[in-house]
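Hi,

Here is the structure I promised to send over. Have a look first, and my notes follow below.

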Amino acid sequence: MSASIDDEAALWAVRLEAGPLSNAQRAALDAWLAVDEKRHGALLRAEAALAYVDRARALGPQNLDQAVLQHEREEEADWDEEPTPASGLGRRTFLSGIAAAGVAVIGWTAFQAFDGPRTAGGPQAEIATVVGEIRRMPLADGSTAAINTSSRLAVDIRPDRRIVRLQEGEAWFQVARDVERPFIVEAGAVRVQAVGTAFSVRRREGGAEVLVTEGVVTAWIEGRETERRRIEAGARGFLSAEMPRVEVAAAPDEVERALAWRDGELALNGETLSQAAAEMNRYNRRQLVIADPALGREQIVGYFETNEPETFARAAAELVGARVVIESDEIRLLPAGP
Amino acid sequence: MRQSRRDIISWVGRNIIPHEAHLRARLRHMAASEDEIDDIVQEAYLRISKLDTVAHIRNGRAYFFATARSVVLQRIRRKRIVRIDTLADMDSLELEDDVPSPERQASARAELRRVKKLIDDLPERCREIFTLRRIEGVPQREIAARLGVTENVVEGQAARGLKLLLKAIAVDEAGRKQNRHEADRGQRDNVGQY
C-alpha cells in the first residue's frame, strides 16, 4: 500500500470536512479516485479517522489531561479485576467531579466539557442557531448533535438521565449508547427516547416530526406514557397532542432526503414549488415568494444548497417554466409572461 | 435504505477505526507481512466504502473482522498468500463472542489516551493547528487569520496531522497488550495438547 495514497487521501479528507468542494476541486477529487479503486477505501479510512478524533471535541482541551489521568487509574484497576458486567456505578463514583457519560459497548467514553463558544456545551447548556446556520456539535455525554436553522434547544445532562428540550426548530442527534441513562428529547408535549440511536426531531404546527436514521426510538405524548410507539431506522413518525395516535410510516429514502440539511442541502423529490420555497425560506433572510397558486403547485426534483435562494429560484424557474424577479429583500417567481 | 455518506463515515469512525489495530495484530499473528496486512486492511475498507448503508450492521468489529477474513480467503484462492498454516490461523480472525471482554472494554477506554498521545506527539505547529481545528472546532479561515498564515498552510498542516493519526491508528499499545494476553492463552492450550 503506497504511503502517498494515504497522504493524498488525508488531504482530500481534510478538504471534504472543511466544507463543500468547488466544482474544480470536485473534478480533481473524482479524477484522483478514478485512478485506482483502492483510493475509495483509503479516503473512507481518512475521513473516518477524522470523525474518530472529532469525538475528542466533547472533552475540551483542558479536560483531556484530567480525563486521561482518571482513565489510567481506572485501567490499572481493571486488569486485576474479575470480569464484571459492562456497567458499574463503582466506576462512576471514581470519576467524582466529572459528569460521567455514556460508555459505548465498543467505543468511546467522554466527559463533561467546558461551556465555551467552540467546545461542546457543558452538561447544562442553551444553544441557539440563527437563520441559515447549521451547527454540528458534540454534547457533554459524547453524543453528537446537528442543529438546523433558527433553532433553540436546552441540554440537561445528569447522572441518571439526559434531556434535551427542543424549544424551536429542528435538530438531529447521534446518541452515545448508555443503557443507564436514557436520552430523551422533549419538543412541546412530545417525548422521544433513545438508547443508542440516531434520529431527528422537528417541531411542527401542533406537534413534532421524528425521523430515525439508526437504531430505534420510542415516542409518546407527555401524560400518555402507556401509548409509546417504536420508530425504527428508515421510518418517520409524527406526534401531536391533538392526535389520538402516533403516526409512523417506513420511508427510508424520504428520511435521508429530509436530513440533507445536515450537509447544507435541500433534497426535493416531487415536492411542490410552494413547499420547496417554504423550506428554503427557513434558511435565508431573502425570502422566496410565489404568488401564483398554479405555479406553486408545480413539482420540483433536485438537490439545492440551502443558503443559495437565488440559484434555487433560477433552477426552479427553468424546471417549471417560470421567471425570476430578484429584489433586495425578496425573490419572486412568476409565471412566464405572454 | 441508502445512508448519507456522512452517516456512513461517522459510523466507520466509531465502529471500525477503533478496531483496526487489533485486526492488524491478528493478521500479524498469522505471519502476514506488513505489506500484505496493509493490502488486506485496505481492501476491507474498500469493501465497506461500497456499502449503500451500514444501518443493518449490528457489530462493526465483527463485520470488520469477517470482511478481512473474506479478503484473506480471496487472496489464498488467488494464491497471493502461500503459507501452509494460514488456514489454521484463520480461526484467529473469528470472534469468539460478541460480549466485550474486560480487556476489550479497557482498550476502548484506552482510546482516549491514544488520541491524546497522538495529538501530543504531533510536531509543534501541526499540533497547534490540529488542536484548534479538531478539538476546538475553529474554522480554517479563522485559524489562518489568527496564526498569520494562508489557509493552504492550515489545510496542509491539518492533513499532515491526519496522516500521522492514520499511521498511529495502525499501531496501538492496547492492541498489542491484548494480543499478548491471547498469545499467552494460546500457548497454554498448546501445552495441554501434548
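Which residue in strand 14 of chain A is the bridge partner of Phe238(A)? It's Glu247(A). (Strands are DSSP runs of E, at least two residues, and helices are runs of H or I, at least four, numbered from the N terminus.)

Before going on: this is a predicted model, where local features need pLDDT of at least 70 and side-chain atom pairs count only at pLDDT 80 or more, while totals for chains, interfaces and linings use all residues. Residues are numbered from 1 along each chain as its sequence is written, chains are lettered from A and ligands numbered from 1 in the order written, and side-chain values use heavy atoms, leaving out hydrogens and water.

Back to chain A. Strand 13 (residues 235-240) runs antiparallel to strand 14 (residues 247-250), with four bridges joining them; DSSP must find at least two bridges for strands to pair. These two form a hairpin with six residues between them. Strand 13 of chain A is also joined by five bridges to strand 10 (residues 207-214) of chain A, again antiparallel. There, Ala208(A) has Leu239(A) as its bridge partner.

Cheers
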